[in-house]
Amino acid sequence: MTNTEQHEVAERPATVAWTRLDTPIGPLLLAATAQGLVSVVFRADDEVTEAFLERLGRRLGAEPVEESGESGRLAPAVRQLRAYFAGELRDFTLDLDWSLTAGFNRRVQRELATGVPYGSVVGYQDLADRVGEPGAARAVGTAMGANPLPLVVPCHRVVESNGGIGGFGGGLEIKRTLLALEGVLPPPLF
């Protein structure tokens, strides 16, 4: 490789791979960097996908490149999400890129990812206590809303202390469906 060719390779922007996956809760957009899965987006129709990829590219300084999802960076995520929705997977074992979250939000999301297993729920206050911030139950809600990796970092498992379902960025219908899939709630009647 000549010096000119080496320089051109070094100047190419980094890429972020993406694909859409049809699921029982609607289309998901999955995005991954070389470090791992970086984002999961609900309701990923064409409009949502286009807007998200533009923001993601700017935020990461990377060019979004579509992958099939059957091979490449996103293949493990596609396989594991299919198995999850088929009721065959309880624990995701994916490499995650945490670069879209920081500080308190990252601490809460990491605790959620490792400390709230399939088929269980945790209250906002309980999660605040677990990260050593007992006065931050509302901030936990904000951290859940900012979660770039829903499903894999299971913010659908965070509920209100009084037994209420709480909020969810994907919508309450999706939250109920996911909790039913995990056996926490009965399946919807219709």
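Val131 is found in the loop between α5 and α6 of this predicted model, where helices (H or I, at least four residues) and strands (E, at least two) are DSSP runs numbered from the N terminus. At 15% relative accessibility, Val131 counts as buried; buried means under 20% relative accessible area, exposed over 50%, and partly exposed in between, with a 1.4 Å probe and protein chains only. Residues are numbered from 1 along each chain as its sequence is written. The model is predicted, so local features need pLDDT of at least 70 and side-chain atom pairs count only at pLDDT 80 or more, while totals for chains, interfaces and linings use all residues, and side-chain values use heavy atoms, with hydrogens and water left out.

**Surroundings of Val131**
- Not counting residues up to four places away in sequence, Val131 touches Phe104, Arg107, Val108 and Glu111, contact meaning heavy atoms within 4.5 Å.
- Val131 and Val108 are 23 residues apart in sequence, and their C-alpha atoms are 6.4 Å apart in space.

**Overall form**
- The protein has seven helices and six strands.
- From the N terminus on, the order of the elements is α-β-β-β-α-β-α-α-β-α-α-β-α.
- The C-alpha trace spans about 65 × 40 × 30 Å along its principal axes.
- A compact globule of 190 residues would have a radius of gyration near 16 Å, and the 18 Å of the protein agrees with this; the radius is taken over C-alpha atoms, and the globule rule is 2.2 Å times the number of residues to the power 0.38.
- Of the 190 residues, 45% count as buried.
- Among contacts with a separation of 6 or more, 59% are accounted for by residues 24 or more positions apart.

**Packing of α4 and α6**
- Helix α4 (residues 103–115) packs with helix α6 (residues 137–145) at an angle of about 80°, and their axes are 9 Å apart.
- Axes are lines fitted to C-alpha atoms, for helices over the stretch in contact, and angles run from 0 to 180 degrees between N-to-C directions.
- The two helices α4 and α6 are therefore roughly perpendicular to each other, on a scale where angles under 35 degrees count as roughly parallel, over 145 as roughly antiparallel, 65 to 115 as roughly perpendicular and the rest as oblique.
- On the α4 side the contact is made by Phe104, Asn105, Val108, Gln109 and Leu112, and on the α6 side by Ala139, Val140, Ala143 and Met144.
- These contact residues divide into seven nonpolar, two polar and no charged; Ala, Val, Leu, Ile, Met, Phe, Trp, Tyr, Cys and Pro count as nonpolar, Asp, Glu, Lys and Arg as charged, and the others, Gly among them, as polar.
- Arg106 also lies in helix α4, and Arg106 is partly exposed, with a relative accessible area of 27%.
- Leaving out residues up to four places away in sequence, Arg106 touches Trp98, Ser99 and Thr101.

**Helix α3**
- Eight of the 11 residues of helix α3 (residues 75–85) are buried, so α3 is largely enclosed by the rest of the structure.
- Buried in α3 are Ala75, Ala77, Val78, Gln80, Leu81, Ala83, Tyr84 and Phe85.
- Their cover includes β1 (14–21), β2 (28–33), β3 (36–41) and α7 (172–181).
- After α3 comes Gly87, with a positive phi near 80°.

**Nonpolar cores**
- The largest nonpolar core has 43 residues, and those with the most contacts inside it are Leu28, Leu30, Leu37, Leu112, Met144 and Leu151.
- A nonpolar core is a set of buried Ala, Val, Leu, Ile, Met, Phe, Trp, Tyr and Cys residues joined through side-chain atoms within 4.5 Å.
- Two or more residues of this core come from each of β1, β2, β3, α3, α4, α5 (124–130), α6 and α7.
- Helix α3 gives the largest share, six residues.
- A second, separate core of 12 residues includes Leu29, Val38, Val41 and Leu56.
- Apart from neighbours within four places in sequence, Leu112 is in contact with Val122, Leu127, Met144, Val153, Pro154, Cys155 and Val158.

- Most residues other than glycine have a negative phi.
- Leu151 is not a glycine but has a positive phi of about 80°.
- Leu151 sits in the loop between α6 and β6 (158–159) and counts as buried at 1% relative accessibility.
- Arg43, likewise a residue other than glycine, has a positive phi near 50°.
- Arg43 lies in the loop between β3 and α2 (46–60) and counts as partly exposed at 46% relative accessibility.
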